[in-house]
Amino acid sequence: MAAVCVYPGSFDPITVGHLDIIQRAAKLYDTVIVAVLHNPGKQGCFSVEQRMDMIRTACQGLPVQVTCFDGLLMAFMRETGTNVVLRGLRAVSDFEMEFQMAQLNHQLAPEVETLFMMTTPQNAYISSSLVREIGAFGGDISAFIPASIEETVRIHLLNNDCQK
Ligand code: PNS
């Protein structure tokens with residue numbers, strides 16, 4: 001049976017930190033499903049379609065499927081018959097929330113395992129929200145965003161109100 005993991009997140013936008021996790025996961029799993037949260041209550045800076053397009057571009061050549069979901073992640077896991085959730089951990093500050101989510105998700109769907117992968121040290125400080133802020137003020141985001149989508153992200157951040 002093919003080994004599949006689900007890497008869920010907001011990806012608003014995908015960063016080199018996300019891409020690093022996906023590349024490393026692709027060595028362990030036959031398929032990495034990157035699942036973008038569609039949250040009707042939180043519009044985000046990039047539309048879900050834009051985020052998915054950028055992930056597809058950034059992940060070209062990798063065994064990646066890009067999709068989106070709304071509602072509960074555990075419901076998505078059951079609907080798709082998948083049972084491994086992958087999350088990246090950057091620092092101790094991520095741990096508390098991730099621990100809480102993993103515990104609650106385990107209660108909701110005990111058959112699903114949440115696995116954590118530590119980010120590489122050079123990516124530990126990167127977050128989509130800070131990249132949005134830097135880009136919105138015209139700062140250089142080239143070290144934080146995959147090269148294949150950098151221009152798209154740069155122009156979008158300059159022309160939209162994305163400082164949140
Ligand atoms: O990239 P993010 O914003 O850190 O990803 C968070 C995400 C999408 C994994 C999390 O918010 C999520 O799973 N949302 C779906 C709703 C859900 O299942 N909530 C219960 C969590 S215990």
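Predicted model: local features only at pLDDT ≥ 70, side-chain atom pairs only at ≥ 80, totals over all residues.

The ligand has G9, S10 and R87 among the residues around it.

**The largest pocket**

- Several elements give two or more residues to the lining: the strands β1 (4–9) and β4 (84–89), plus the helices α1, α2 (48–58), α3 (73–80), α4 (92–108) and α5 (128–136).
- Helix α4 makes the largest contribution to this lining, with 7 residues.
- Sorted by class, the lining comes out as 19 nonpolar, 19 polar and 10 charged residues.

**Around the ligand**

- The residues surrounding the ligand are G9, S10, L37, F69, G71, L72, L73, R87, M101, L104 and N105.
- S10 puts a polar side-chain atom 2.6 Å from an oxygen atom of the ligand.
- R87 also brings in its side chain, with a polar atom 2.9 Å from a ligand oxygen.
- With L73 the backbone is involved: one of its polar backbone atoms is 2.8 Å from an oxygen atom of the ligand.

**The loop between β1 and α1**

- F11 sits in the loop between β1 and α1, and P13 has its place in that loop too.
- Most residues other than glycine have a negative phi, and most peptide bonds are trans.
- F11 isn't a glycine, yet its phi is positive, at about 50°.
- The peptide bond running from D12 to P13 is cis, with omega near 5°.
- Is F11 buried or exposed? F11 has a relative accessible area of 2%, under the 20% cut-off, so it counts as buried.

**Helix α1 and H18**

- Helix α1 covers residues 16–25, and H18 is part of it.
- This helix is mostly covered, as 7 of its 10 residues are buried.
- Those buried residues are G17, H18, L19, D20, I21, I22 and A25.
- At the start of α1, a side-chain oxygen of T15 comes to within 3.1 Å of the backbone nitrogen of G17.
- T15 turns up again with H18, whose side chain reaches the backbone nitrogen of T15 at 2.9 Å.
- Setting aside residues up to four places away in sequence, H18 touches Y7, F11, P13 and S128.

**V84 in strand β4**

- V84 belongs to strand β4.
- V84 has 13% relative accessibility, which is under 20%, so it is buried as well.
- Which residues is V84 in contact with, leaving aside neighbours within four places in sequence? They are V4, C5, V6, Y29, M77, E113 and L115.
- V84 and V112 are 28 residues apart along the chain, but their C-alpha atoms are separated by 5.7 Å.

Definitions and conventions
Residues numbered from 1 in each chain as written. Heavy atoms only, no water. Helix = DSSP H or I, 4+ residues; strand = E, 2+ residues; numbered from the N terminus. Polar contact = N/O pair within 3.5 Å; in protein donor to acceptor, adjacent residues only side chain to side chain. Contact = heavy atoms within 4.5 Å. Nonpolar A, V, L, I, M, F, W, Y, C, P; charged D, E, K, R; others polar. Near = heavy atom within 4 Å. Buried < 20%, exposed > 50% of the residue type's maximum accessible area, 1.4 Å probe, protein only.
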